Amino acid sequence: MNALAATNRNFRQAARILGLDSKLERSLLIPFREIKVECTIPKDDGMLVSYVGFRVQHDNARGPMKGGIRYHPEVDLDEVNALAQLMTWKTAVADIPYGGAKGGIGCIPKELSLSELERLTRVFTQKIHDLIGINTDVPAPDMGTNAQTMAWILDEYSKFHGHSPAVVTGKPVDLGGSLGREAATGRGVVYAAEALLNQQGKQIKDLTFAIQGFGNVGSWVAKLIHEIGGKVVAVSDITGAVKNQNGLDIPALLSHKEATGKLYDFGGGDVMSTDELLTHDCDVLIPCALGGVLNRENADHVKAKFIVEAANHPTDPDADEILSKKGVLILPDIYANAGGVTVSYFEWVQNIQGFMWEEEKVNRELKKYMTKAFDNLKSMCQSHSCNLRMGAFTLGVNRVARATQLRGWEA
């Protein structure tokens, strides 16, 4: 099942549990606006090439729309639609005053030079600048984009609208980016895991963890768990996978990855196949890479008792069912990885105020938001006798539906 079908299915189930009016349900599902633009740029050799860019603005009932821009060859309207909708529910679960959006350009960023990426970003911004804005739609980095990409968008947007640092988040600190933003998604995942484990009478320092994906999110999750005293027994990324049942030395592994760009020839662990990581013997499994990695083929072999979804949509609905029957507790993506968008919100607030926070304040506020969101999610689970995923979806959908009704959507 693709991401859009799975997201729609979760939404419809939540709407049924909440007893939403069918007209309101349909209205919440349809995106506010879909944008598709052609971006033609000269390559470094002078040849002209065209790319297709998308921006889906899903809902703005609770505030400006918010969501990443990804550069990836598989960017298509269906995927962007699903991720925009997920952002609507995610911002509502975290209780930050945003709606959902998502964008992307279908390209292979590794095959483009830095100057080609800059030209592509600027042309994309020129095409959408009058449809984004501080109080309209605030982009952020995603797969294949980073702080530099946001700096180009800020500069290009500012040519039309004057200096506007709050138009994007995830910027370099020198241009108004927030301290703590780089670690925010990973840190939020750890705070989310802590909230779930505490509720189960367990602590990170007593458990073993397997982490799939060792990019920005996965490496921060591993580093923070290691610092708390948890044992990271297996890690994988596209270059390979390593395991050590006594716990990997994460600082040494991070240094090795930085020096060589690879995981698999790390001396402090044994090589394993990347597929094996998801079914590796551990207490907590944290998928931090792509969607759909847990499916009906491998769900039955998962040994972890807890799954914390740091990636978007890593568990497809078939796997969800199999794992629930096995008694595995799954902390859903729309709550677990909301740390990134929460600190993006803090960055936006700092830019609007023109007053920057210290990193301790950013982390303290993030912990407060993640803990409060978990408490709200749990009370939805108790009110509606549902699992954590439906608890999160009913919490998010209910908040958006309430805002929509209060604003007078039928007029």
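User: Which residue caps the N-terminal end of α13?

Analyst: This is a predicted model, where local features need pLDDT of at least 70, side-chain atom pairs count only at pLDDT 80 or more, and totals for chains, interfaces and linings use all residues. Residues are numbered from 1 along each chain as its sequence is written, and side-chain values use heavy atoms, leaving out hydrogens and water. A side-chain oxygen lies 3.3 Å from the backbone nitrogen of Arg389, and a polar contact is a pair of N or O atoms within 3.5 Å, one able to donate a hydrogen and the other to accept it. The capping residue is Asn387.

User: How far apart are the end C-alpha atoms of helix α13?

Analyst: Helices are DSSP runs of H or I with at least four residues, numbered from the N terminus. The expected span is 1.5 Å times one less than the number of residues, so the 20 residues of α13 (388-407) should span 28 Å. The model agrees, with the end C-alpha atoms apart by 29 Å.

User: How many residues of α13 are buried?

Analyst: Buried means under 20% relative accessible area, with a 1.4 Å probe and protein chains only. By that cut-off α13 is mostly covered, and of its 20 residues the buried ones number 15.

User: Which side chain makes a polar contact with the side chain of Ser344?

Analyst: Ser344 is in helix α11 (residues 339-353) and counts as buried because its relative accessibility is 1%. The side-chain polar contact spans 3.1 Å, and the partner is Arg181.

Conventions: Helices (H or I, at least four residues) and strands (E, at least two) are DSSP runs, numbered from the N terminus. Buried means under 20% relative accessible area, exposed over 50%, partly exposed in between (1.4 Å probe, protein chains only).
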